[in-house]
Amino acid sequence: MLVVLNHKMNFTLEEVRDYKKIIDQYKLKDIELVICPSLVYLPLFDTKNYNLGSQNVSCYENGSYTGEVSASQLKSLGVTYCLVGHSERRKYQNEDGLLLIEKIKRLLEVNITPILCIGETKEEKQDNKTNDVLKKEIDLLSSFSKEELSKIIIAYEPIWAIGTGLVPSKEEVMYSVKFIKDTLTNKYQVTPQVLYGGSINADNYNTFKNISNIDGLLVGGLSLKVEKLKQLFENE
Ligand code: PGA
């Protein structure tokens, strides 16, 4: 079970140092942990007990792109996973499908596992368009080879559930995860690992974790509560 902690744009240097002290004591049993701190803090984390993930990557290889961070730079810091297409980046940075494909290419070139985030808005859900939205995202992956596709992880993140405290039912998650897996299998003959993300908290963590067809969790708000996570992980 993969558990990806997305810190988003949180913590000062002092706070992140305190966080690290606690996370370094975690005793993980069946969890493969991925920590995605703010990019500036990546060098503070080591990779002994957990994996390092990035929240973003440039679509360019290297060179004169002020403010960008390349896949090979991430690689040199020990990063092995990277979020792509998180709904906050799509919304606030106007990231679109074509850009995301370029980012995934850069990551695969240096052997970093892309975690592609897909999911429907509240309106799309109300209009019964969830499957259409998911299918459209999956169709965008047609330029990748089977081998490349087998290295991409999908995170199913209903946009209406991110940071809102609202969550889909267990059945709804199972249904969408099955749809994602079946669609990729039928179209590309590749069955991806699929994570669930969106308002996972200490109370519902176990419910989501135990959904039979998911391969892991993508955690936002809860990832900042390092002591709570410690309890959850140690009670596995
Ligand atoms: P949340 O965020 O857990 O705070 O809803 C999830 C995410 O943005 O991936």
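**Briefing: a parallel barrel and its ligand**

Strand 2 (residues 32-36) pairs with strand 3 (residues 51-54) in the parallel sense, over two bridges. Two strands count as paired if DSSP finds at least two bridges between them. Helices (H or I, at least four residues) and strands (E, at least two) are DSSP runs, numbered from the N terminus.

This is a predicted model, in which local features need pLDDT of at least 70, side-chain atom pairs count only at pLDDT 80 or more, and totals for chains, interfaces and linings use all residues. Residues are numbered from 1 along each chain as its sequence is written, and side-chain values use heavy atoms, with hydrogens and water left out.

**The barrel**

- Eight strands close into a barrel, in the order 1-2-3-4-5-6-7-8, and the pairing is parallel.
- From one strand to the next, the twist averages 25 degrees. Axes here are lines fitted to C-alpha atoms, for helices over the stretch in contact, and angles run from 0 to 180 degrees between N-to-C directions.
- Strands 1 and 2 run parallel and are joined by five bridges.
- Val-4 stands opposite Val-34 in strand 2, and Val-34 stands opposite Asn-51 in strand 3.

**Strand 1**

- Five of the five residues of strand 1 (residues 2-6) are buried, so the strand is largely enclosed by the rest of the structure. Buried means under 20% relative accessible area, exposed means over 50%, and partly exposed is in between (1.4 Å probe, protein chains only).
- Leu-2, Val-4 and Asn-6 point one way from strand 1. Val-3 and Leu-5 point the other way, and all are buried.

**The ligand**

- The residues around the ligand are Lys-8, His-86, Glu-157, Ala-161, Ile-162, Gly-163, Gly-198, Ser-199, Leu-218, Gly-220 and Gly-221. A residue is near a molecule or strand if one of its heavy atoms lies within 4 Å of it.
- This shell divides into three nonpolar, six polar and two charged residues. Ala, Val, Leu, Ile, Met, Phe, Trp, Tyr, Cys and Pro count as nonpolar, Asp, Glu, Lys and Arg as charged, and the others, Gly among them, as polar.
- An N or O atom in the side chain of Lys-8 is 2.6 Å from an oxygen atom of the ligand.
- A backbone N or O atom of Gly-163 lies 2.6 Å from a ligand oxygen. For Gly-221, a backbone N or O atom lies 2.8 Å from a ligand oxygen.
- On its own, the ligand has 280 Å² of accessible area, and the protein covers 95% of it. Accessible areas come from the Shrake-Rupley method with a 1.4 Å probe; for residues, only the protein chains shown count as cover.

**Loop residues**

- Lys-8 lies in the loop between strand 1 and helix 1 (13-23). Phi of Lys-8 is near 55 degrees, a positive value in a residue other than glycine.
- Most residues other than glycine have a negative phi.
- Ser-199 sits in the loop between strand 7 (194-197) and helix 9 (205-209). Phi of Ser-199 is also positive, near 55 degrees. Ser-199 counts as buried, at 16% relative accessibility.
- Ser-38 is in the loop between strand 2 and strand 3. Ser-38 is buried, with a relative accessible area of 13%.
- The side chain of Ser-38 reaches the backbone oxygen of Lys-8 at 3.2 Å. A polar contact is a pair of N or O atoms within 3.5 Å; within protein, one must be able to donate a hydrogen and the other to accept it, and residues adjacent in sequence count only if both atoms are side-chain atoms.
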